[in-house]
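Reader: I am new to this structure. Please take me through one part of it closely, and show how that part ties in with what surrounds it.

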Amino acid sequence: MNEEALHALLKEISQGNNLGEKITLVGASKTMSADDVNRALRAGLNCVAENKVQEFRDKFPFVQCDDYQFIGHLQLNKVKYLIGKASLIQSVDRDELAEEIDRLSAKQGIVTNVLAEVNIGKEESKSGYMPEECLAAAERLLSLKNLKLKGLMAMLPMNAEEEELANLCLQMRYFYDIMKKRGAPFEFLSVGMSHDYKIAIRNGSNMIRIGTLIFGKRNYTV
């Protein structure tokens with residue numbers, strides 16, 4: 001864990017995004033031990049997230065964080081491990097998943113916070129609602145009683161030019177603002193990772209998911 005880099009990042013984002021909104025930093029702690037995660041939390045990180053359900057489940061009892069999120073692709077049969085534990089599930093990419101989260105949340109008598117994942121770059125390798133359907137999808141998710149849709153999430157294309165990335169961020173912000181105007185209880189527009197977060201926060205993102213800058217390069221096949 002790079003404590004110096006974390007402090008620099010926290011200072012950098014303290015000014016907010018281009019709209020003056022507070023930026024929430026989510027530490028993507030994939031493959032890191034609970035001890036390493038706790039060290040980052042002691043150093044000033046307030047929120048962490050996992051990409052894999054098994055890792056979230058195994059580390060949850062040991063990670064000392066009230067805002068422990070999930071950001072990876074989620075299979076229906078693994079939703080049960082997150083309900084009542086994950087403070088936010090960012091990767092709701094289809095109605096079937098939202099309905100399962102809602103069903104299991106109702107069973108426990110709780111409401112689960114989620115973000116709707118949008119495949120803003122229309123990439124075949126990524127999941128998520130297509131841009132043209134995301135507003136209708138958001139309305140459907142808002143109708144579920146035991147699920148609270150708190151915003152939108154997207155992963156930007158890896159090799160796109162800066163101008164294209166900026167335009168995609170602005171599209172996401174457009175969808176976010178439309179839903180807020182409709183009265184949706186949106187708080188988070190989660191766009192931006194270690195390689196593109198600067199572009200994201202210059203173009204409306206107010207939540208970034210940072211792994212490499214904080215925790216270093218890792219073996220993502222684990």
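Author: Start with the second largest pocket of this predicted model. Its volume is about 180 Å³. Leu10, Ile13, Lys22, Ile23, Thr24, Leu25, Gly44, Leu45, Asn46, Cys47 and Asp67 line this pocket. Two elements give two or more residues to the lining: helix H1 (3-13) and strand E1 (24-28). Sorted by class, the lining has six nonpolar, three polar and two charged residues.

Now follow strand E1. E1 runs parallel to E8, and four bridges join them. Leu25, one of the lining residues, stands opposite Ile208 in E8. Strand E8 spans residues 207-210. Ile208 and Ile210 point one way from E8. Met207 and Arg209 point the other way. All four are buried.

The largest nonpolar core has 69 residues. Leu25 and Leu45 are among those with the most contacts inside this core, along with Ile89, Ile101, Leu152 and Ile214. Both Leu25 and Leu45 line the pocket as well. Helix H6 (residues 162-181) gives the most to the core, with nine residues.

Take Leu152 next. Leaving aside residues up to four places away in sequence, Leu152 touches Leu115, Ala116, Val118, Met172, Phe175, Tyr176, Phe186, Phe188, Leu189 and Ser190.

Another core lies apart from the largest one. This other core has ten residues, among them Ala28, Ile71, Met153 and Met207. Met207 brings us back to strand E8, where Met207 points the same way as Arg209.

Technical notes. Residues are numbered from 1 along each chain as its sequence is written. This is a predicted model: local features need pLDDT of at least 70, side-chain atom pairs count only at pLDDT 80 or more; totals for chains, interfaces and linings use all residues. Side-chain values use heavy atoms; hydrogens and water are left out. On a 1 Å grid over the protein atoms alone, a cavity is a set of points where a 1.4 Å probe fits but cannot get out, and a pocket is an open set with protein on both sides within 12 Å along at least five of seven lines; lining residues have an atom within 4 Å of a point. Grid points are joined across faces, edges and corners, and a volume is the space filled by probe spheres set on the points. Ala, Val, Leu, Ile, Met, Phe, Trp, Tyr, Cys and Pro count as nonpolar, Asp, Glu, Lys and Arg as charged, and the others, Gly among them, as polar. Buried means under 20% relative accessible area, exposed over 50%, partly exposed in between (1.4 Å probe, protein chains only). Two strands pair if DSSP finds at least two bridges between them. A nonpolar core is a set of buried Ala, Val, Leu, Ile, Met, Phe, Trp, Tyr and Cys residues joined through side-chain atoms within 4.5 Å. Contact means heavy atoms within 4.5 Å.
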